[in-house]
Amino acid sequence: MALSNIHRQDNQPVYVLHTYPFKETSLVVELFSREFGRVAAVAKGARRPRSAMRGMLQAFQPLQATWSGKAELKNLHSMEWGAGLLLLRGEALMCGFYLNELLLRLLPREDGHDALFDYYCQTLRILTQEQVPPATTLRRFELKMLQELGYAVPLEHDDAGNAIQAEYVYSYVAEQGAARTSQHAAPANGVQLSGRTLLAMAQDDYSDALTQQQSKQLMRTLLAHYLGDKPLHTRQLLMDLQAL
């Protein structure tokens with residue numbers, strides 16, 4: 001293999017998570033790749049009107065990218081359309097941007113997560129179909145993402161190792177799990193929810209209204225813990241849309 005090709009990756013399945021200007025005519029493209037996780041690459045000249053790459057740097061579209069470089073910021077050489085173009089509209093579009101922001105904030109650079117990549121693809125397709133409530137789709141992705149990134153989210157056993165009981169009330173704290181509590185005790189740094197909700201989430205069943213409400217509170221608490229003080233912009237936009 002030629003020395004110049006040692007750090008070259010050809011025709012890798014990717015999605016565009018985000019782009020931002022770089023120098024006068026270029027863009028930095030944040031890619032989510034199946035094999036290499038999150039990759040940042042410079043698309044030289046992509047801001048020029050006649051750039052062949054400019055029209056392809058679109059979010060939510062399956063693409064194939066070729067890049068090279070051993071530094072953290074790669075050089076993006078080419079992009080090609082993948083199979084099956086997607087169209088997200090309205091609330092589904094905002095949900096898509098929310099997924100992208102989550103990945104940008106939590107996914108380490110160049111750390112491959114092929115199962116998460118495949119689930120992201122599946123989630124985008126579900127959002128285009130509009131058959132599953134978007135909120136349910138988001139809860140499933142949030143949970144899957146945290147699990148795939150190695151964050152423990154135990155749902156079937158409490159912090160003492162006992163099986164969750166549907167009729168009990170629990171206080172759930174990030175990195176500790178669920179602890180049985182009084183129905184009237186407010187958790188200091190966690191969220192209160194029923195055992196039935198935890199078991200329903202473990203079974204991927206979000207059909208119950210209480211499960212929908214409490215799973216949203218739980219995932220918001222867990223994500224806030226891992227994201228830190230900087231809030232998600234798209235979450236606020238989603239809340240504003242729902243208020244309207």
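Reply:

Of the protein's 244 residues, 43% count as buried. This is a predicted model.

The protein has 6 helices and 8 strands. Along the sequence, their order is β-β-β-β-β-α-α-α-β-β-β-α-α-α. The C-alpha trace spans about 65 × 40 × 30 Å along its principal axes. The accessible surface comes to about 13,000 Å². Carbon and sulfur atoms hold 48% of that surface. Take the contacts with a separation of 6 or more: residues 24 or more positions apart account for 57% of them.

Now the helix. Helix α1 covers residues 90-106. One partner is helix α3, residues 134-148. The two axes come within 11 Å. They cross at roughly 15 degrees. Angles under 35 degrees count as roughly parallel, so α1 is roughly parallel to α3. The crossing of α1 and α3 is right-handed.

Which residues in α1 and α3 meet? From α1 come Glu91, Cys95, Tyr98, Leu99, Leu102, Leu103 and Leu106. From α3 come Pro134, Leu138, Phe141, Glu142, Met145 and Leu146. By class, this contact of α1 with α3 has 11 nonpolar residues, 2 charged residues and no polar ones.

Next, a single residue within the helix. Asn100 is found in α1. Is Asn100 buried or exposed? Its relative accessible area is 2%, and buried means under 20%, so Asn100 is buried. Leave out residues up to four places away in sequence, and Asn100 touches Val16, Leu17, Ala59, Phe60 and Tyr120.

Then follow the chain past the helix. Leu107 is found in the loop between α1 and α2, where α2 covers residues 114-129. Leu107 has a relative accessibility of 2%, so Leu107 counts as buried. What does Leu107 touch, not counting residues up to four places away in sequence? Its contacts are Phe32, Gly37, Arg38, Leu102, His113, Leu116 and Leu149. Among these is Leu102, which is also one of the α1 residues that meet α3. Leu116 is another of the contacts of Leu107, and α2 spans residues 114-129.

Leu107 and Arg125 are 18 residues apart in sequence. In space, Leu107 and Arg125 are 21 Å apart, C-alpha to C-alpha.

To recap: α1 runs roughly parallel to α3.

Definitions and conventions. Residues are numbered from 1 along each chain as its sequence is written. This is a predicted model: local features need pLDDT of at least 70, side-chain atom pairs count only at pLDDT 80 or more; totals for chains, interfaces and linings use all residues. Side-chain values use heavy atoms; hydrogens and water are left out. Axes are lines fitted to C-alpha atoms, for helices over the stretch in contact, and angles run from 0 to 180 degrees between N-to-C directions. Helices (H or I, at least four residues) and strands (E, at least two) are DSSP runs, numbered from the N terminus. Angles under 35 degrees count as roughly parallel, over 145 as roughly antiparallel, 65 to 115 as roughly perpendicular and the rest as oblique. A crossing is left-handed if the near helix is turned anticlockwise from the far one by less than a right angle, and right-handed if clockwise. Contact means heavy atoms within 4.5 Å. Ala, Val, Leu, Ile, Met, Phe, Trp, Tyr, Cys and Pro count as nonpolar, Asp, Glu, Lys and Arg as charged, and the others, Gly among them, as polar. Buried means under 20% relative accessible area, exposed over 50%, partly exposed in between (1.4 Å probe, protein chains only). Accessible areas come from the Shrake-Rupley method with a 1.4 Å probe; for residues, only the protein chains shown count as cover.
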